[in-house]
Amino acid sequence: MVEICERCSKSVDNTERYNKHGVDKLLCSECILELDEYYSITCAKCGKPAHLRGNLVEYENEKICPVCMDEIRIKEN
């Protein structure tokens with residue numbers, strides 16, 4: 001039976017109910033993986049979730065949030 005993902009609207013063989021991070025939809029496995037990855041990425045310096053801090057910046061081979069990057073720049077000057 002073909003089902004429709006409520007996020008990407010693709011026709012897929014199977015959807016699952018996703019009830020994390022304020023989302024309550026029937027999603028395909030690709031969308032579930034994408035959301036789980038998005039919410040699991042954290043800043044290497046402060047450890048806070050990236051989705052709460054903005055886009056991460058590459059600094060000395062680490063992913064740093066803008067708030068921590070500002071602190072680093074201030075200390076460097």
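Before we go on, some ground rules. This is a predicted model: local features need pLDDT of at least 70, side-chain atom pairs count only at pLDDT 80 or more, and totals for chains, interfaces and linings use all residues. Residues are numbered from 1 along each chain as its sequence is written, and side-chain values use heavy atoms, leaving out hydrogens and water.

Back to E58. Which residue forms a salt bridge with E58? The partner is K63, and the closest N and O atoms are 3.3 Å apart. A salt bridge here is a side-chain nitrogen of Lys or Arg within 4 Å of a carboxyl oxygen of Asp or Glu. Side chains of opposite charge can pair when their charged atoms come close. K63 is partly exposed too, at 45% relative accessibility.

How many salt bridges does the structure hold? Seven. Let me show you two more. D24 meets R17 through their side chains, at 3.3 Å from N to O. R17 is partly exposed, with a relative accessible area of 45%.

Next, R73 and D70. Their salt bridge spans 3.9 Å, N to O. Both residues lie in helix α3, residues 66–76. They sit three residues apart, about one turn of the helix. R73 is partly exposed at 43% relative accessibility. D70 also has 43%, and counts as partly exposed.

Now zoom out. The protein chain has three helices and six strands. These are DSSP runs, numbered from the N terminus: helices are H or I, at least four residues, and strands are E, at least two. Along the sequence, the order is β-β-β-β-α-α-β-β-α.

What about overall shape? The C-alpha trace spans about 60 × 20 × 15 Å along its principal axes. The radius of gyration of the protein chain is 17 Å, whereas a compact globule of 77 residues would have one near 11 Å. That radius is taken over C-alpha atoms, and the globule rule is 2.2 Å times the number of residues to the power 0.38.

How much of the protein chain is buried? Of its 77 residues, 23% count as buried.

Last, contacts, meaning heavy atoms within 4.5 Å. Take those between residues at least 6 apart in sequence: 8% join residues at least 24 apart. That's my tour.

Definitions and conventions. Buried means under 20% relative accessible area, exposed over 50%, partly exposed in between (1.4 Å probe, protein chains only).
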